[in-house]
Amino acid sequence: MDSGDWSDIIGAILVSSLLASGLIWVAMNYREAIGTPPLVLAGLFGASVGWVTGILVSPYDKNEQSAFGEISKVIYGFLSGYLVSKIDPVITDATKSGNEKQLIIGAFALISFLAAVAITYITRRYWTKKTQHSRP
């Protein structure tokens, strides 16, 4: 595993903080039209799924990698089959005129998901303890 420097971690924290601030701004400014609870729920859902995805794509060691490999196959099978067939009508409906609320909630969840994947991946890849080598 590569060991990055603190600039990778600090950069990830800064970007995720900016994204979180933007999401809070959206939640506060659209609370009249959409309501804060649906946006918070979408954000929490996106962030939690993103966190799990970030963990799955950045295993610490070979044991974790083999365990995650099996889980990833099951998830990929689900995503490529059932979920993709169900999400197309939702996206088509959300992009129609008059459905801006669905589009905003979906974008909120997607941004939360991507931010969580990025911060989880970067911290798991680069925030490692440097191993102490014993002297012979």
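What percentage of the 136 residues of the protein chain count as buried? The share is 21%, where buried means under 20% relative accessible area, exposed over 50% and partly exposed in between (1.4 Å probe, protein chains only). The model is predicted: local features need pLDDT of at least 70, side-chain atom pairs count only at pLDDT 80 or more, and totals for chains, interfaces and linings use all residues. Residues are numbered from 1 along each chain as its sequence is written, and side-chain values use heavy atoms, leaving out hydrogens and water.

The protein chain has 4 helices and 0 strands (DSSP runs, H or I of at least four residues for helices, E of at least two for strands, numbered from the N terminus).

The largest nonpolar core has 8 residues: Leu23, Val26, Ala27, Ile34, Leu39, Ala42, Phe108 and Ala109. Such a core is a set of buried Ala, Val, Leu, Ile, Met, Phe, Trp, Tyr and Cys residues joined through side-chain atoms within 4.5 Å.

| Helix | Residues |
|---|---|
| H1 | 6–29 |

Leaving aside residues up to four places away in sequence, Ala42 touches Ile105, Phe108 and Ala109 (contact: heavy atoms within 4.5 Å).

Ile10 also lies in H1. Ile10 counts as partly exposed because its relative accessibility is 46%.
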